[in-house]
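Colleague: I would like a close look at a single part of this model. Please keep it plain.

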Amino acid sequence: MNSPRGVGATAVFVAAARALESRREDRLFDDPWAGSFVRASGWNPPTEGMAGISREELTTWMAARTKFLDDFVLESVAGGCGQLAFLGAGLDSRAYRLHWPAPVTVYELDTADMLEFKASVVSDAAPGENATRVAVPIDLREDWPAALHGAGFRDDTPTAWVLEGLLMYLTPDDVDALMTRVGDLSASGSTLGATVTTVDFTAVMDDAPVFQDSPLSREEWLQLLQSNGPDDPVAWFDQYGWRARAFPTADLAAQYGRTLPEASDLHRARPGDRWMVSATRA
């Protein structure tokens, strides 16, 4: 099976960060598949860090993001969401590694190549108790709602949506179309968890070597990064019918007992912020 390329390669990058976190004695989560995804890809992450980001910063950032969304999906399912939809699921392993508090159908939407690569690694592993995993091979720029319905999705069932590390890889028009479709498919009681990044990507590439040693070249990253996040995530989600709360990732890290380094190349070169968002259907 070929290693993921394009956006798929960023999923390997994220898996490498989850693998680093999982090795810590004070880890915020344990992802037993993360390292296997990286090894199967054939990429060897640098020892001290990745993409010009120190090991400490990388694991802290990704640990806070993963912990937040772990809690989000578990609370959503406990609160009555019988469906969970990962849009651009990548190498997410929550269907397998979380202890689900109630029956839930987990829909994972991504390209056929990504889902096939993932299946080659998880092999015969079974989803966690109470979970039914359904892979939906589809490009999110295509008619993914039809594919989701064809896989058994029900509009009348509350759904927890996860948009993790996704929106920046879509054009503004594609983001608008996706958010509109998500709203149309969301029954009362649905929830949404997302990552939102407000970053000047050009500054990132021109002012600091932050993507050195990453799975993709500078040119490949620039081709993938299509849009920037809103300065006010709460107001932005509200216009699509979601009551949202937004949390700066640095604040979440502190809440979880971690601290993001302040003097890193990444922060000097990246004006903006990273937000974690939790929302309910208005």
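How many of the residues of strand E4 (residues 104–110) are buried?

Modeller: The model is predicted, so local features are given only at pLDDT of at least 70 and side-chain atom pairs only at pLDDT 80 or more, while totals for chains, interfaces and linings use all residues. Residues are numbered from 1 along each chain as its sequence is written, and side-chain values use heavy atoms, with hydrogens and water left out. In strand E4, 6 of the 7 residues are buried, meaning under 20% relative accessible area with a 1.4 Å probe and protein chains only. Helices (H or I, at least four residues) and strands (E, at least two) are DSSP runs, numbered from the N terminus.

E4 has two partners to describe; strands pair if DSSP finds at least two bridges between them. Strand E3 (residues 83–87) runs parallel to E4, joined by 5 bridges, and Leu87 is opposite Leu109 of E4. With strand E5 (residues 131–137), E4 pairs in the parallel sense over 7 bridges; here Glu108 faces Ala135 of E5.

E4, H5 and E5 form a right-handed β-α-β unit: with the strands pointing away from the viewer, the path from the first strand over the helix to the second runs clockwise. Helix H5 (residues 112–122) has Met114, Leu115, Phe117, Lys118, Val121 and Val122 as its buried residues. Down the axis of H5 these residues fall within an arc of 160°, so they line one face of the helix; the arc is that of the directions from the helix axis to the C-beta atoms. After H5 comes Ser123, with a positive phi near 55°.

Definitions and conventions:
Buried < 20%, exposed > 50% of the residue type's maximum accessible area, 1.4 Å probe, protein only.
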